[in-house]
Amino acid sequence: MTTDSTEAVFGMEQVRRARFAVAAVFTVHGAVTGSFATRVPWIQDHAGVSAGQLGLALAFPAIGASLAMPLAGAISHRFGARTALRGLLALWTLALILPAMAPNLLTLCAALFAYGASAGMSDVAMNALGVEVENRLDKSIMSGLHGMWSVGALIGSAAGTVAAHLGTDARLHHCVAALVLTALGLLACRGVLDLRSEPDEEPPPRFTLPPKSALIIGAVGFCAVFAEGASLDWSAVYLRDIMDTSAGLAAASTTAFALTMAVARIVGDKVVDRFGAVRTVRVGGVLATVGGLLVVASPSAAPAMCGFALLGLGVAVVVPLAFAAAGRSGPNPSQAIAGVATITYTSGLIAPSAIGSLAEATSLVVSFGLVTVLAFGLVLGAGVLRAGDRRAAPSSDTGAPSAAAAEPRP
(Lines give C-alpha, C1' and ligand atoms only; values in the text may rest on other atoms or scores of the structure.)
Protein backbone atom coordinates (compact mmCIF):
# COMPACT_ATOMS: atom_id res chain seq x y z
CA MET A 1 0.00 0.00 0.00
CA THR A 2 1.40 3.42 -0.95
CA THR A 3 1.91 6.26 1.52
CA ASP A 4 -0.99 8.20 -0.04
CA SER A 5 -3.28 5.17 0.26
CA THR A 6 -2.25 4.62 3.87
CA GLU A 7 -2.97 8.26 4.70
CA ALA A 8 -6.34 8.04 2.97
CA VAL A 9 -7.31 4.93 4.94
CA PHE A 10 -6.16 6.56 8.17
CA GLY A 11 -8.13 9.69 7.30
CA MET A 12 -11.35 7.75 6.69
CA GLU A 13 -10.91 5.83 9.94
CA GLN A 14 -10.59 9.15 11.73
CA VAL A 15 -13.79 10.41 10.09
CA ARG A 16 -15.65 7.23 11.04
CA ARG A 17 -14.53 7.64 14.65
CA ALA A 18 -15.62 11.26 14.48
CA ARG A 19 -19.08 10.12 13.39
CA PHE A 20 -19.52 8.04 16.54
CA ALA A 21 -18.06 10.85 18.65
CA VAL A 22 -20.46 13.48 17.34
CA ALA A 23 -23.35 11.01 17.74
CA ALA A 24 -22.37 10.70 21.40
CA VAL A 25 -22.33 14.50 21.66
CA PHE A 26 -25.89 14.64 20.27
CA THR A 27 -26.96 12.03 22.82
CA VAL A 28 -25.47 14.00 25.72
CA HIS A 29 -27.12 17.19 24.45
CA GLY A 30 -30.51 15.49 24.31
CA ALA A 31 -30.08 13.97 27.78
CA VAL A 32 -29.83 17.45 29.30
CA THR A 33 -33.18 18.43 27.78
CA GLY A 34 -34.82 15.22 28.97
CA SER A 35 -33.43 15.66 32.48
CA PHE A 36 -34.77 19.20 32.71
CA ALA A 37 -38.22 18.53 31.26
CA THR A 38 -39.16 15.89 33.85
CA ARG A 39 -38.44 18.21 36.79
CA VAL A 40 -40.30 21.31 35.60
CA PRO A 41 -43.14 20.76 38.16
CA TRP A 42 -40.56 20.62 40.99
CA ILE A 43 -38.85 23.75 39.65
CA GLN A 44 -42.22 25.54 39.48
CA ASP A 45 -43.00 24.69 43.10
CA HIS A 46 -39.52 25.63 44.31
CA ALA A 47 -39.62 29.02 42.57
CA GLY A 48 -43.20 29.62 43.73
CA VAL A 49 -44.50 30.69 40.32
CA SER A 50 -47.98 30.34 38.84
CA ALA A 51 -48.76 28.50 35.62
CA GLY A 52 -48.80 31.78 33.72
CA GLN A 53 -45.49 32.88 35.21
CA LEU A 54 -43.99 29.49 34.37
CA GLY A 55 -45.12 29.91 30.78
CA LEU A 56 -43.35 33.28 30.68
CA ALA A 57 -40.17 31.79 32.15
CA LEU A 58 -40.20 28.91 29.67
CA ALA A 59 -39.97 31.42 26.82
CA PHE A 60 -36.51 32.49 27.99
CA PRO A 61 -34.57 29.39 26.80
CA ALA A 62 -35.64 30.10 23.21
CA ILE A 63 -34.86 33.82 23.62
CA GLY A 64 -31.40 33.04 25.00
CA ALA A 65 -30.72 30.49 22.26
CA SER A 66 -31.82 32.81 19.46
CA LEU A 67 -29.60 35.65 20.70
CA ALA A 68 -26.53 33.50 21.40
CA MET A 69 -26.51 31.18 18.37
CA PRO A 70 -24.70 33.64 16.06
CA LEU A 71 -21.75 33.63 18.50
CA ALA A 72 -21.00 29.95 17.84
CA GLY A 73 -19.29 30.58 14.51
CA ALA A 74 -16.98 33.24 15.95
CA ILE A 75 -16.06 30.98 18.89
CA SER A 76 -15.27 28.07 16.57
CA HIS A 77 -13.15 30.35 14.39
CA ARG A 78 -11.21 31.63 17.40
CA PHE A 79 -10.57 28.36 19.23
CA GLY A 80 -11.09 25.63 16.62
CA ALA A 81 -14.14 23.38 16.27
CA ARG A 82 -13.14 20.71 18.79
CA THR A 83 -12.14 23.11 21.57
CA ALA A 84 -15.19 25.28 20.93
CA LEU A 85 -17.55 22.30 21.11
CA ARG A 86 -15.86 21.02 24.24
CA GLY A 87 -16.37 24.34 26.02
CA LEU A 88 -19.87 25.04 24.74
CA LEU A 89 -21.13 21.53 25.50
CA ALA A 90 -19.71 21.77 29.03
CA LEU A 91 -21.51 25.11 29.51
CA TRP A 92 -24.74 23.44 28.40
CA THR A 93 -24.45 20.38 30.64
CA LEU A 94 -23.49 22.50 33.66
CA ALA A 95 -26.30 24.99 32.93
CA LEU A 96 -28.70 22.17 33.86
CA ILE A 97 -27.94 23.05 37.50
CA LEU A 98 -29.21 26.62 37.28
CA PRO A 99 -33.04 26.40 36.92
CA ALA A 100 -33.49 24.18 39.98
CA MET A 101 -31.51 26.67 42.07
CA ALA A 102 -33.79 29.61 41.20
CA PRO A 103 -35.86 30.78 44.22
CA ASN A 104 -38.20 33.17 42.36
CA LEU A 105 -39.49 34.22 38.93
CA LEU A 106 -36.73 36.74 38.18
CA THR A 107 -33.89 34.33 38.91
CA LEU A 108 -35.71 31.52 37.09
CA CYS A 109 -35.98 33.67 33.94
CA ALA A 110 -32.27 34.53 34.17
CA ALA A 111 -31.32 30.89 34.73
CA LEU A 112 -33.41 29.73 31.78
CA PHE A 113 -31.93 32.47 29.58
CA ALA A 114 -28.41 31.18 30.32
CA TYR A 115 -29.63 27.59 29.92
CA GLY A 116 -31.04 28.39 26.47
CA ALA A 117 -28.02 30.42 25.35
CA SER A 118 -25.62 27.57 26.10
CA ALA A 119 -28.02 25.10 24.46
CA GLY A 120 -28.19 27.13 21.26
CA MET A 121 -24.44 27.70 20.89
CA SER A 122 -23.57 24.05 21.48
CA ASP A 123 -26.40 23.05 19.12
CA VAL A 124 -24.88 25.10 16.27
CA ALA A 125 -21.35 23.81 16.96
CA MET A 126 -22.32 20.13 16.99
CA ASN A 127 -24.54 20.43 13.89
CA ALA A 128 -21.72 22.16 11.98
CA LEU A 129 -19.38 19.29 12.85
CA GLY A 130 -22.08 16.78 11.94
CA VAL A 131 -22.45 18.34 8.49
CA GLU A 132 -18.66 18.24 8.00
CA VAL A 133 -18.52 14.54 8.88
CA GLU A 134 -21.45 13.86 6.54
CA ASN A 135 -19.60 15.67 3.73
CA ARG A 136 -16.45 13.62 4.23
CA LEU A 137 -18.29 10.30 4.49
CA ASP A 138 -20.37 11.21 1.42
CA LYS A 139 -23.49 9.68 2.91
CA SER A 140 -26.37 10.98 4.99
CA ILE A 141 -25.90 10.90 8.77
CA MET A 142 -27.74 14.01 10.01
CA SER A 143 -31.10 12.29 10.51
CA GLY A 144 -29.42 9.57 12.59
CA LEU A 145 -27.58 12.19 14.65
CA HIS A 146 -30.86 13.90 15.50
CA GLY A 147 -32.29 10.46 16.24
CA MET A 148 -29.51 10.01 18.79
CA TRP A 149 -30.52 13.35 20.31
CA SER A 150 -34.02 11.90 20.73
CA VAL A 151 -32.52 8.78 22.34
CA GLY A 152 -30.59 10.99 24.75
CA ALA A 153 -33.75 12.91 25.60
CA LEU A 154 -35.54 9.63 26.32
CA ILE A 155 -32.68 8.47 28.57
CA GLY A 156 -32.61 11.77 30.42
CA SER A 157 -36.37 11.82 30.88
CA ALA A 158 -36.39 8.20 32.09
CA ALA A 159 -33.77 9.00 34.74
CA GLY A 160 -35.70 12.13 35.68
CA THR A 161 -38.92 10.17 36.01
CA VAL A 162 -37.22 7.77 38.42
CA ALA A 163 -35.78 10.68 40.42
CA ALA A 164 -39.17 12.37 40.59
CA HIS A 165 -40.87 9.10 41.62
CA LEU A 166 -38.35 8.70 44.45
CA GLY A 167 -38.96 12.29 45.56
CA THR A 168 -35.34 13.31 44.97
CA ASP A 169 -34.61 17.01 45.33
CA ALA A 170 -34.14 18.36 41.77
CA ARG A 171 -31.10 20.36 42.90
CA LEU A 172 -29.34 17.15 43.86
CA HIS A 173 -30.63 15.28 40.80
CA HIS A 174 -29.51 17.97 38.37
CA CYS A 175 -26.12 18.47 40.03
CA VAL A 176 -25.36 14.76 39.72
CA ALA A 177 -26.75 14.59 36.17
CA ALA A 178 -24.77 17.69 35.12
CA LEU A 179 -21.49 16.28 36.42
CA VAL A 180 -22.03 12.90 34.77
CA LEU A 181 -23.09 14.43 31.45
CA THR A 182 -20.22 16.92 31.51
CA ALA A 183 -17.73 14.08 31.93
CA LEU A 184 -19.36 12.07 29.13
CA GLY A 185 -19.49 15.13 26.89
CA LEU A 186 -15.80 15.94 27.39
CA LEU A 187 -14.94 12.33 26.64
CA ALA A 188 -17.04 12.34 23.45
CA CYS A 189 -15.51 15.61 22.25
CA ARG A 190 -12.06 14.02 22.18
CA GLY A 191 -13.05 12.12 19.03
CA VAL A 192 -14.67 14.90 16.96
CA LEU A 193 -12.86 16.51 14.03
CA ASP A 194 -10.39 19.21 15.05
CA LEU A 195 -11.15 21.75 12.35
CA ARG A 196 -9.33 25.09 12.38
CA SER A 197 -9.62 28.22 10.30
CA GLU A 198 -6.78 29.32 8.04
CA PRO A 199 -4.53 31.97 9.64
CA ASP A 200 -5.51 34.60 7.07
CA GLU A 201 -9.24 33.75 7.11
CA GLU A 202 -11.51 36.60 8.22
CA PRO A 203 -13.41 35.76 11.41
CA PRO A 204 -17.20 35.66 11.05
CA PRO A 205 -19.09 38.57 12.65
CA ARG A 206 -20.30 38.00 16.19
CA PHE A 207 -23.82 39.14 15.38
CA THR A 208 -25.31 39.27 11.90
CA LEU A 209 -28.55 38.63 10.10
CA PRO A 210 -28.87 35.10 8.67
CA PRO A 211 -27.99 34.84 4.96
CA LYS A 212 -30.88 34.75 2.51
CA SER A 213 -30.30 31.06 1.81
CA ALA A 214 -30.72 30.28 5.52
CA LEU A 215 -33.98 32.23 5.66
CA ILE A 216 -35.45 30.23 2.77
CA ILE A 217 -34.28 26.88 4.18
CA GLY A 218 -35.38 27.97 7.65
CA ALA A 219 -38.92 28.55 6.37
CA VAL A 220 -39.19 24.84 5.59
CA GLY A 221 -37.78 24.01 9.02
CA PHE A 222 -40.32 26.42 10.54
CA CYS A 223 -43.21 24.43 9.06
CA ALA A 224 -41.85 21.14 10.41
CA VAL A 225 -41.03 22.43 13.90
CA PHE A 226 -44.40 24.18 14.19
CA ALA A 227 -46.15 20.89 13.45
CA GLU A 228 -43.83 19.07 15.87
CA GLY A 229 -44.32 21.53 18.73
CA ALA A 230 -48.08 21.69 18.24
CA SER A 231 -48.43 17.91 18.19
CA LEU A 232 -46.19 17.26 21.19
CA ASP A 233 -47.91 19.85 23.39
CA TRP A 234 -51.50 19.58 22.20
CA SER A 235 -52.12 16.05 20.92
CA ALA A 236 -53.14 14.72 24.34
CA VAL A 237 -55.41 17.73 24.92
CA TYR A 238 -56.94 17.23 21.47
CA LEU A 239 -57.76 13.57 22.18
CA ARG A 240 -59.20 14.41 25.60
CA ASP A 241 -61.26 17.48 24.65
CA ILE A 242 -62.27 16.76 21.06
CA MET A 243 -62.48 12.94 21.13
CA ASP A 244 -63.50 12.68 24.81
CA THR A 245 -60.95 9.93 25.52
CA SER A 246 -59.44 8.88 28.84
CA ALA A 247 -56.29 10.57 30.11
CA GLY A 248 -54.26 7.41 29.47
CA LEU A 249 -55.39 7.09 25.86
CA ALA A 250 -54.80 10.79 25.29
CA ALA A 251 -51.25 10.49 26.60
CA ALA A 252 -50.70 7.53 24.27
CA SER A 253 -51.24 9.81 21.28
CA THR A 254 -48.27 11.92 22.35
CA THR A 255 -46.21 8.77 22.81
CA ALA A 256 -47.16 7.57 19.33
CA PHE A 257 -46.06 10.88 17.85
CA ALA A 258 -42.73 10.94 19.69
CA LEU A 259 -42.03 7.29 18.93
CA THR A 260 -42.59 7.61 15.19
CA MET A 261 -40.35 10.70 15.14
CA ALA A 262 -37.50 8.94 16.95
CA VAL A 263 -37.69 5.79 14.80
CA ALA A 264 -37.95 7.78 11.56
CA ARG A 265 -34.88 9.83 12.45
CA ILE A 266 -32.80 6.79 13.31
CA VAL A 267 -33.60 5.03 10.01
CA GLY A 268 -33.97 8.22 7.98
CA ASP A 269 -30.40 8.33 6.68
CA LYS A 270 -30.88 5.16 4.63
CA VAL A 271 -34.03 6.64 3.09
CA VAL A 272 -32.25 9.91 2.29
CA ASP A 273 -29.32 8.07 0.72
CA ARG A 274 -31.74 6.05 -1.41
CA PHE A 275 -34.14 8.78 -2.53
CA GLY A 276 -32.41 12.10 -1.83
CA ALA A 277 -33.28 14.94 0.54
CA VAL A 278 -35.83 16.69 -1.66
CA ARG A 279 -37.89 13.60 -2.46
CA THR A 280 -37.73 12.40 1.15
CA VAL A 281 -39.05 15.70 2.52
CA ARG A 282 -41.70 15.92 -0.19
CA VAL A 283 -43.02 12.45 0.64
CA GLY A 284 -42.75 13.28 4.34
CA GLY A 285 -44.84 16.39 3.70
CA VAL A 286 -47.49 14.27 2.02
CA LEU A 287 -47.56 11.87 5.00
CA ALA A 288 -47.76 14.77 7.46
CA THR A 289 -50.56 16.41 5.45
CA VAL A 290 -52.54 13.16 5.38
CA GLY A 291 -51.91 12.84 9.12
CA GLY A 292 -53.21 16.35 9.74
CA LEU A 293 -56.31 15.68 7.68
CA LEU A 294 -56.94 12.51 9.69
CA VAL A 295 -56.65 14.49 12.91
CA VAL A 296 -59.12 17.22 11.93
CA ALA A 297 -61.60 14.93 10.11
CA SER A 298 -61.60 11.87 12.39
CA PRO A 299 -64.88 10.97 14.07
CA SER A 300 -63.11 8.81 16.67
CA ALA A 301 -59.85 8.49 18.58
CA ALA A 302 -58.15 5.69 16.63
CA PRO A 303 -57.85 7.51 13.28
CA ALA A 304 -56.78 10.70 15.07
CA MET A 305 -53.99 8.82 16.84
CA CYS A 306 -52.90 7.40 13.49
CA GLY A 307 -52.93 10.96 12.21
CA PHE A 308 -50.59 12.15 14.95
CA ALA A 309 -48.30 9.21 14.27
CA LEU A 310 -48.20 10.15 10.57
CA LEU A 311 -47.44 13.76 11.50
CA GLY A 312 -44.44 12.57 13.51
CA LEU A 313 -43.29 10.30 10.70
CA GLY A 314 -43.65 13.05 8.12
CA VAL A 315 -41.76 15.86 9.87
CA ALA A 316 -39.07 13.76 11.56
CA VAL A 317 -36.18 14.21 9.12
CA VAL A 318 -36.91 17.77 7.97
CA VAL A 319 -34.87 19.66 10.58
CA PRO A 320 -31.75 17.46 10.20
CA LEU A 321 -31.92 17.91 6.44
CA ALA A 322 -32.46 21.66 6.84
CA PHE A 323 -29.27 21.87 8.90
CA ALA A 324 -27.42 19.83 6.29
CA ALA A 325 -28.67 22.08 3.49
CA ALA A 326 -27.73 25.21 5.45
CA GLY A 327 -24.23 23.86 6.04
CA ARG A 328 -23.73 23.52 2.29
CA SER A 329 -25.57 26.65 1.15
CA GLY A 330 -22.78 29.21 1.43
CA PRO A 331 -19.22 30.03 2.43
CA ASN A 332 -19.93 30.12 6.19
CA PRO A 333 -21.64 26.91 7.39
CA SER A 334 -21.83 27.93 11.07
CA GLN A 335 -23.52 31.23 10.23
CA ALA A 336 -26.07 29.54 7.95
CA ILE A 337 -26.78 26.78 10.50
CA ALA A 338 -27.20 29.43 13.21
CA GLY A 339 -29.73 31.21 11.01
CA VAL A 340 -31.77 28.07 10.40
CA ALA A 341 -31.53 27.07 14.06
CA THR A 342 -32.78 30.51 15.15
CA ILE A 343 -35.82 30.22 12.88
CA THR A 344 -36.64 26.70 14.05
CA TYR A 345 -36.20 27.63 17.72
CA THR A 346 -38.56 30.56 17.17
CA SER A 347 -41.08 28.22 15.57
CA GLY A 348 -40.85 25.86 18.53
CA LEU A 349 -41.38 28.83 20.85
CA ILE A 350 -44.49 30.24 19.19
CA ALA A 351 -46.21 27.02 18.07
CA PRO A 352 -47.74 25.93 21.41
CA SER A 353 -49.01 29.42 22.28
CA ALA A 354 -50.24 30.05 18.72
CA ILE A 355 -52.23 26.81 18.76
CA GLY A 356 -53.70 27.73 22.15
CA SER A 357 -54.64 31.26 21.08
CA LEU A 358 -56.27 30.08 17.86
CA ALA A 359 -58.10 27.31 19.73
CA GLU A 360 -59.45 29.83 22.24
CA ALA A 361 -60.68 32.06 19.42
CA THR A 362 -62.06 29.19 17.31
CA SER A 363 -61.39 25.54 18.20
CA LEU A 364 -58.60 22.99 18.39
CA VAL A 365 -59.88 21.49 15.14
CA VAL A 366 -59.21 24.79 13.38
CA SER A 367 -55.79 25.00 15.06
CA PHE A 368 -54.77 21.64 13.62
CA GLY A 369 -56.17 22.76 10.29
CA LEU A 370 -53.37 25.35 10.39
CA VAL A 371 -50.88 22.59 11.24
CA THR A 372 -52.12 20.64 8.21
CA VAL A 373 -51.61 23.67 5.94
CA LEU A 374 -48.05 24.10 7.22
CA ALA A 375 -47.41 20.38 6.71
CA PHE A 376 -48.44 20.80 3.08
CA GLY A 377 -45.89 23.61 2.93
CA LEU A 378 -43.21 20.90 3.18
CA VAL A 379 -44.45 19.44 -0.11
CA LEU A 380 -44.24 22.83 -1.80
CA GLY A 381 -40.95 23.93 -0.25
CA ALA A 382 -38.91 20.71 -0.32
CA GLY A 383 -36.95 21.91 -3.35
CA VAL A 384 -35.03 24.50 -1.29
CA LEU A 385 -33.23 21.63 0.46
CA ARG A 386 -31.49 20.72 -2.79
CA ALA A 387 -28.30 22.31 -1.42
CA GLY A 388 -28.22 19.55 1.17
CA ASP A 389 -28.99 16.77 -1.29
CA ARG A 390 -25.74 14.91 -1.91
CA ARG A 391 -27.43 12.90 -4.68
CA ALA A 392 -27.71 16.12 -6.69
CA ALA A 393 -24.02 17.00 -6.18
CA PRO A 394 -21.07 15.59 -8.10
CA SER A 395 -19.58 12.58 -6.34
CA SER A 396 -16.01 12.65 -5.17
CA ASP A 397 -14.92 9.95 -7.63
CA THR A 398 -15.69 12.08 -10.69
CA GLY A 399 -12.79 14.39 -10.14
CA ALA A 400 -15.06 17.27 -9.13
CA PRO A 401 -14.37 18.92 -5.78
CA SER A 402 -16.56 17.68 -2.96
CA ALA A 403 -18.68 19.98 -0.84
CA ALA A 404 -16.34 19.45 2.09
CA ALA A 405 -13.31 20.47 0.07
CA ALA A 406 -15.03 23.51 -1.41
CA GLU A 407 -16.06 25.03 1.91
CA PRO A 408 -13.93 26.86 4.45
CA ARG A 409 -13.74 24.96 7.71
CA PRO A 410 -16.04 26.19 10.50
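Let's start with L108 and its contacts. Contact here means heavy atoms within 4.5 Å. Leave aside the neighbours within four places in sequence, and L108 touches I43, A47, V49, A57, P99 and A102. L108 sits in helix α8. Helices (H or I, at least four residues) and strands (E, at least two) are DSSP runs, numbered from the N terminus. Is L108 buried or exposed? L108 is buried, with a relative accessible area of 1%. The cut-offs: buried is under 20% relative accessible area, exposed is over 50%, and partly exposed is in between, with a 1.4 Å probe and protein chains only. Now take L108 together with L54. They are 54 residues apart in sequence, yet 9.0 Å apart in space, C-alpha to C-alpha.

A word on the source. This is a predicted model, where local features need pLDDT of at least 70, side-chain atom pairs count only at pLDDT 80 or more, and totals for chains, interfaces and linings use all residues. Residues are numbered from 1 along each chain as its sequence is written, and side-chain values use heavy atoms, with hydrogens and water left out.

Now the whole chain. The chain has 18 helices and zero strands. Of its 410 residues, 51% are buried. Take the contacts with a separation of 6 or more: 85% of them are between residues 24 or more positions apart. The accessible surface is about 17400 Å², and 68% of that belongs to carbon and sulfur atoms. Those areas come from the Shrake-Rupley method with a 1.4 Å probe; for residues, only the protein chains shown count as cover.

Next, helix pairs. Two packed helices are described by the angle between their axes and the distance between the axes. Axes are lines fitted to C-alpha atoms, for helices over the stretch in contact, and angles run from 0 to 180 degrees between N-to-C directions.

Back to α8, residues 105-137. Helix α8 packs against α16, residues 333-361, at an angle of about 130 degrees, and the axes are 9 Å apart. The two helices are therefore oblique to each other. The scale is this: under 35 degrees is roughly parallel, over 145 roughly antiparallel, 65 to 115 roughly perpendicular, and the rest oblique. The crossing of α8 past α16 is right-handed. Right-handed means the near helix is turned clockwise from the far one by less than a right angle, and left-handed means anticlockwise. Who makes the contact? From α8 come A119, G120, D123, V124, N127, A128 and V131; from α16 come S334, I337, A338, A341 and Y345. By class, that is eight nonpolar, three polar and one charged. Ala, Val, Leu, Ile, Met, Phe, Trp, Tyr, Cys and Pro count as nonpolar, Asp, Glu, Lys and Arg as charged, and the others, Gly among them, as polar.

Helix α16 has another partner, α4, residues 60-68. Their axes come within 9 Å and cross at roughly 165 degrees. That makes α4 roughly antiparallel to α16. This crossing is left-handed. A62, A65 and S66 of α4 meet T342, Y345, T346 and L349 of α16. The classes are four nonpolar, three polar and no charged residues.

One further pair: α13, residues 277-297, and α17, residues 364-381. Here the axes come within 7 Å, and the crossing is at roughly 165 degrees. So α13 is roughly antiparallel to α17. The handedness is left. In α13, the residues in contact include V281, R282 and G285; in α17, they include V365, F368 and G369. The contact of α13 with α17 divides into twelve nonpolar, five polar and one charged.

Now the loops. V192 is in the loop between α10 (170-189) and α11. V192 is buried, at 2% relative accessible area. What does V192 touch, beyond four places in sequence? The list is A18, A21, V22, V25, R82, L85 and L129. V192 and V25 are 167 residues apart in sequence, and 9.0 Å apart C-alpha to C-alpha.

D138 has phi near 60 degrees. D138 is in the loop between α8 and α9 (142-165), and is partly exposed at 36%. D244 has phi of about 55 degrees. D244 lies in the loop between α11 (212-241) and α12 (247-275). D244 is exposed, with a relative accessible area of 67%.
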